[in-house]
Amino acid sequence: MIKEQEENVVCINETNPAHPWYYNLKYLAAGIIFGIIFVKAEVISWFRIQEMFRLQSFHMYGIIGSAVLVGMISVWLIKKFNIRTIYGEPITLTPKKFNKGQIYGGLIFGFGWAITGACPGPLFAQIGTGALAVSVTLLSAVAGTWVYGYLRDKLPH
């Protein structure tokens, strides 16, 4: 039972260092830079997203594919060189079991992405550019996450 619970845990942080409030400003700066990159790469463009789902343009597939490639290389480097967190903790990557709920979740995510023209990453960049209608999508994503967290123990995993 404990082993099964460990596999379902998304993130385990073994340390809880206390830092002053300004310590988190670096994350704000990284988020702003990431948002600027999203805007310049047109990742937040509703039209680019619609082109992707209509199979009219390779632009978004190229961005997603390069992100997957960077992720694969990063995981390989972490494993090969036994890289640790900035606090010295080991990074453990546990294999996940496949279940049909992942297909259903992926389909729901994809349909939501196609309908709204926004996925969770670029939502904040879209709002930052003045597309305030995306706030409805953000609130829906937060509500959906809350409902899942509330019902998680009752769902078949």
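**Reading the chain, helix by helix**

Colleague: What share of the chain's 157 residues counts as buried?
Modeller: This is a predicted model, in which local features need pLDDT of at least 70 and side-chain atom pairs count only at pLDDT 80 or more, while totals for chains, interfaces and linings use all residues. Residues are numbered from 1 along each chain as its sequence is written, and side-chain values use heavy atoms, leaving out hydrogens and water. Buried means under 20% relative accessible area, exposed over 50%, and partly exposed in between (1.4 Å probe, protein chains only). Of the 157 residues, the buried share is 14%.

Colleague: What pattern does the chain follow along its sequence?
Modeller: Helices (H or I, at least four residues) and strands (E, at least two) are DSSP runs, numbered from the N terminus. The chain has seven helices and zero strands. Read along the sequence, the pattern is α-α-α-α-α-α-α.

Colleague: Among contacts between residues at least 6 apart in sequence, what share joins residues at least 24 apart?
Modeller: Contact means heavy atoms within 4.5 Å. Among the chain's contacts between residues at least 6 apart, the share joining residues at least 24 apart is 44%.

Colleague: How is α6 oriented relative to α7?
Modeller: Helix α6 covers residues 120–128 and helix α7 covers residues 134–151; they pack at about 150 degrees, with axes 9 Å apart. Axes are lines fitted to C-alpha atoms, for helices over the stretch in contact, and angles run from 0 to 180 degrees between N-to-C directions. Angles under 35 degrees count as roughly parallel, over 145 as roughly antiparallel, 65 to 115 as roughly perpendicular, and the rest as oblique. The two helices, α6 and α7, are therefore roughly antiparallel.

Colleague: Which residues of α7 make the contact with α6?
Modeller: From α6 come Leu 123, Phe 124, Gln 126 and Ile 127. Their partners in α7 are Val 134, Ser 135, Thr 137, Leu 138 and Ala 141.

Colleague: How is α3 placed against α5?
Modeller: Helix α3 (residues 46–53) and helix α5 (residues 100–116) have axes that come within 8 Å and cross at roughly 130 degrees. That makes the placement of α3 against α5 oblique.

Colleague: By class, how many charged residues has the contact of α3 with α5?
Modeller: Trp 46, Ile 49, Gln 50, Met 52 and Phe 53 of α3 meet Gly 110, Trp 113, Ala 114, Ile 115 and Thr 116 of α5. Ala, Val, Leu, Ile, Met, Phe, Trp, Tyr, Cys and Pro count as nonpolar, Asp, Glu, Lys and Arg as charged, and the others, Gly among them, as polar. The contact has seven nonpolar and three polar residues, and its count of charged ones is no charged residues.

Colleague: Is Phe 53 buried, partly exposed or exposed?
Modeller: Phe 53 is found in helix α3. Setting aside residues up to four places away in sequence, Phe 53 touches Gly 110, Trp 113 and Ala 114. Its relative accessible area is 34%, so Phe 53 is partly exposed.

Colleague: How is α3 oriented relative to α4?
Modeller: The axes of α3 and α4 are 8 Å apart, at an angle of about 90 degrees. That makes α3, relative to α4, roughly perpendicular.

Colleague: Which residues of α4 are in the contact with α3?
Modeller: On the α3 side are Arg 48, Ile 49 and Met 52. The α4 side is made up of His 59, Met 60, Tyr 61 and Ile 64.

Colleague: Which residues form the largest nonpolar core?
Modeller: A nonpolar core is a set of buried Ala, Val, Leu, Ile, Met, Phe, Trp, Tyr and Cys residues joined through side-chain atoms within 4.5 Å. The largest has nine residues: Phe 38, Val 43, Ile 44, Ile 49, Met 52, Met 60, Trp 113, Cys 119 and Ala 125.

Colleague: What is the phi of Leu 55?
Modeller: Leu 55 is found in the loop between α3 and α4 (59–80). Its relative accessible area is 67%, so Leu 55 is exposed. Although Leu 55 is not a glycine, its phi is positive, about 60 degrees.
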